[in-house]
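Student: I have a model open and would like to learn how to read its surface. Could you walk me through it?

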Amino acid sequence: MTQSVANGPVVEKAKIESNKTQAEFSNLAASRQTPETPAATGQQLTHYHSFFSSLLSWNNPRASGIAYASIVTFIFAARYLDILRYAFKLTWMTLGVTVLAEVAGKAVLSHGLASQFRPKKYFTISKSTLDSLTGDFSELVNFFVIESQRIVFAENLFATVASFLGAFISYYLIKFVPFWGLTLISTTVIFISPLIYKTNKETIDHYVAQATDIVNQQSKQVRDMAAQQASRASETTKQYVGDYSHKAQELIGNARGRSNSPTAVKSEPALKQDSPAFKADDFPVAPKEDFKVPPSVADSANKLKSDDPLITA
């Protein structure tokens, strides 16, 4: 019965699913290779670009699903479980058992029990492993640094727009949604959005193509209208410039013709000779008799006396 259960269809199915899961995780690990396509600046990207691209594109659905479930579980555990407190509790309980066993062993058996399990050589991390971990951590940090710059400088417009919408919505959600809830929503959107697109790729591409055509038509119409207005403005400006230049040339030609005309030069002295500036009537008549000497005061008094008898009396 045990052998039949061990070789039954349920166990075989479980083994098949386990092998598929291991194969997908192996494929996901093998995808950590430096992409052949560089960034817009020409520099090489990190191997985490290929890794996260394969993870979020659900090329290995079991691995992507397990990764998403693990992150969600960690978020809920950090929210509802006091992990740090449990870590300290596990630590003091382990060390307490170790101390108790060592002391009891020395008291009863003259040698400690914990020291009996001491390995001949303590476990160490090799330098190659540390170098690999350090390099891997450096690649992970550079992945986030490069991606943040690619988003800011709009190397991929879709990613920039998506990041803008995410930051804009998060700005308002953070007012009434706790941090762990916002983290859960962000993780769900990051993992589920590519899956929705992958399962409905044809429909989404169709609507996206229609929207792109509409936008291109409207943009073309706006460009045509702008070009027409610009051509009209250019023609009007050229017409006004031509009219004003023609008038300016006429004025300059008339001024030059007047300054170089011989009749104007010759007629000026003739006008001065024929028509004097002043007439004879403008001046008073000159006296023709000699000036008379005015009478003296005595003569004037004597004349008055002779003329007026009252003065004489």
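This is a predicted model: local features need pLDDT of at least 70, side-chain atom pairs count only at pLDDT 80 or more; totals for chains, interfaces and linings use all residues.

Student: What volume does the largest pocket have?

Tutor: A pocket is an open set of points on a 1 Å grid over the protein atoms alone, where a 1.4 Å probe fits, with protein on both sides within 12 Å along at least five of seven lines; lining residues have an atom within 4 Å of a point. Volume is the space filled by probe spheres set on the points, which are joined across faces, edges and corners. Here the largest pocket comes to about 1,800 Å³.

Student: Which residues are closest to its centre?

Tutor: Leu56, Ala159, Ala162, Ser163 and Ile190, out of 36 lining residues. By class, that lining has 24 nonpolar, 10 polar and two charged residues.

Student: And the second largest pocket: what is its volume?

Tutor: About 170 Å³. Its lining includes Ala39, Gln43, Arg150 and Glu155.

Student: Why does Tyr172 count as partly exposed?

Tutor: Buried means under 20% relative accessible area, exposed over 50%, and partly exposed in between (1.4 Å probe, protein chains only). Tyr172 has 40% relative accessibility, so it counts as partly exposed. Tyr172 lies in helix α7 (residues 157-173); a helix is a DSSP run of H or I with at least four residues, numbered from the N terminus.

Terms used:
Residues are numbered from 1 along each chain as its sequence is written. Side-chain values use heavy atoms; hydrogens and water are left out. Helices (H or I, at least four residues) and strands (E, at least two) are DSSP runs, numbered from the N terminus. Ala, Val, Leu, Ile, Met, Phe, Trp, Tyr, Cys and Pro count as nonpolar, Asp, Glu, Lys and Arg as charged, and the others, Gly among them, as polar.
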